[in-house]
Number of protein chains: 2
Amino acid sequence: MGTEQKSLRDALRVRPGAVNLAGYDTAATPLSPGGKDKALRAMAASPLAELQERLYAEATAGGRRSVLLVLQGTDTAGKGGVVNHVVELLSPEGVRVTAFKVPTPEEAAHHFLWRIRKALPSPGVVGVFDRSHYEDVLVPRVHELVPESEWRRRYEEINAFEADLAAKGTTVVKCFLHISHATQRERLLARLADPTKQWKFQEADLDERAYWSDYQAAYSGMLDACDSDAAPWYVVPSDRKWYRNWAIGELLRETLVELDPQYPKLDLDLPRLRLRLRPPY
Amino acid sequence: MGTEQKSLRDALRVRPGAVNLAGYDTAATPLSPGGKDKALRAMAASPLAELQERLYAEATAGGRRSVLLVLQGTDTAGKGGVVNHVVELLSPEGVRVTAFKVPTPEEAAHHFLWRIRKALPSPGVVGVFDRSHYEDVLVPRVHELVPESEWRRRYEEINAFEADLAAKGTTVVKCFLHISHATQRERLLARLADPTKQWKFQEADLDERAYWSDYQAAYSGMLDACDSDAAPWYVVPSDRKWYRNWAIGELLRETLVELDPQYPKLDLDLPRLRLRLRPPY
């Protein structure tokens, strides 16, 4: 009797067809291990660190594989929280986190993928993008900074770029952190109320919030146009922080389990090497 | 009645005068909170993460300060262990770890500080160097790849470079992880015995071990010539892993407490901002 265990990647993968984010529940908890406590325990017991070490070890023997976790989502969706609570489960030596801000003048003078290419993970490394090249099909679209033909062209460039990444050994895991309009309100109010969080607040965030529907349309478009088997999009319900963190850890775990990285098999002449370490040597 | 609490920085700072590492106990545990269990509990309760967040927050409001932790030590001294157990206490978003390997052809074609400058922490960030510019006064000296006049000149360059870093707001914390010849033997044998650790073993490490005394002399010279108030050297007894990890976390904590980073004080018009978030907005 075969038992087919559904993977979280299957459960959260954006559904084919014209994507409309309004149809995705922001408070859902698919395949959750239970409530918050069980999720925290599952994360504490996660084999992520060992899987990552294997990937890193593999690269020391010539392996070319790496992983790139892309985090997108509106302000307060929890990209920083994922870095602090999920990425923290990994060994810092094998992780490279890059937060992409408003492009600097130098970045803006280059092709939009220029700064992205500079931040790609080396073999063996898990790269994490807090925002990414997708910013360039979001902000410019919402604020009509470029014509539609241009952001549509960027979709194609991104697809070609990610297919190339995949072909060269980088497994791309793209997570859209999906929260509701009301959740963002609560979180912005919480920032305002807490003097140790006010530094994260910018009034510009309220200005952007006024474009909520336009952003939802732009996110939907990005999910629609740039989901591929080489670089799939996952829609992660993120109103519940514990679920968001557990789910993204689990997406990474499933990805690494499938990669099945191995400690390199070395042909060491142990007796001779041990002899070289016999005291007084 | 004044009680003068001795700082770990005072206790571990390299002592002035001609440095001879043979006079530094590799198994000592100065100012230790007790044994291994107490050290682990102290680390779990460490305020490092909050101090780091304050440093990061400060930089979002224009602060220019950063920290650079430099880790040096012979093979198996535990540089990777410090990254995994101490740096892991910090938020990944505010940390940048760089492991310097044998220079690539491109790196070797540049001045030895070229690759170092590219890896310096931005304002608000804690940079961590697993090996560093000090490699260039160690390997070339031991293997006589450059004349003495050259590595002595590099000492001066390094001092000027670090003084400049300090003047620009980067607090440099340099840790020499000091282990005994016997401890290195044990750790190399342990690597050989464990299939999940063999990938860290390289026979070249045994070749280098044959130069143990020359390296100790080169380390002593580096500690002697490049200790300064702007960029002090700490000799961290590292035969006991738990002490090494606790001590480096504590050096970082003391450093951050002295910097006393503050959440930026923002002049937010809270009533008006809250109004902008009143439903349905």
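Start with Lys118(B): its charged end sits over the ring of Trp114(B), 4.0 Å from the ring centre. For a charge to count as over a ring, NZ of Lys or CZ of Arg must be within 6 Å of the ring centre and within 35 degrees of the ring normal. In chain A, Arg141(A) lies over the face of Trp151(A), at 4.1 Å from the ring centre.

A word on the source: this is a predicted model, where local features need pLDDT of at least 70, side-chain atom pairs count only at pLDDT 80 or more, and totals for chains, interfaces and linings use all residues. Residues are numbered from 1 along each chain as its sequence is written, chains are lettered from A and ligands numbered from 1 in the order in which they are written, and side-chain values use heavy atoms, with hydrogens and water left out.

Now ring against ring. How many aromatic pairs does the structure hold over all chains? There are 16. Rings of Phe, Tyr and Trp (its six-membered ring) pair if their centres lie within 6.5 Å; planes under 30 degrees apart are stacked, over 60 edge-to-face, and the rest tilted.

One of these pairs is Tyr56(A) with Trp199(B), edge-to-face at 6.1 Å centre to centre and 75 degrees between the planes. This pair crosses between chains: Tyr56(A) is in helix α3 (residues 48-60) of chain A, and Trp199(B) is in the loop between α9 (181-193) and α10 (203-209) of chain B. Helices (H or I, at least four residues) and strands (E, at least two) are DSSP runs, numbered from the N terminus. Trp199(B) has 13% relative accessibility, so it counts as buried; the cut-offs are under 20% relative accessible area for buried, over 50% for exposed, and partly exposed in between, with a 1.4 Å probe and protein chains only.

Phe176(B) and Tyr219(B) make a tilted pair, 4.6 Å centre to centre with 45 degrees between the planes. Phe176(B) lies in strand β4 (residues 170-178) and Tyr219(B) in helix α11 (residues 212-225), both of chain B, so the pair ties together parts 43 residues apart in sequence. Phe176(B) is buried at 1% relative accessible area, and Tyr219(B) is buried at 3%. In chain A, Phe176(A), Tyr215(A) and Tyr219(A) form one aromatic cluster.

Last, chain A as a whole. Chain A has 13 helices and five strands, and 49% of its 281 residues count as buried. The C-alpha trace spans about 70 × 50 × 45 Å along its principal axes.
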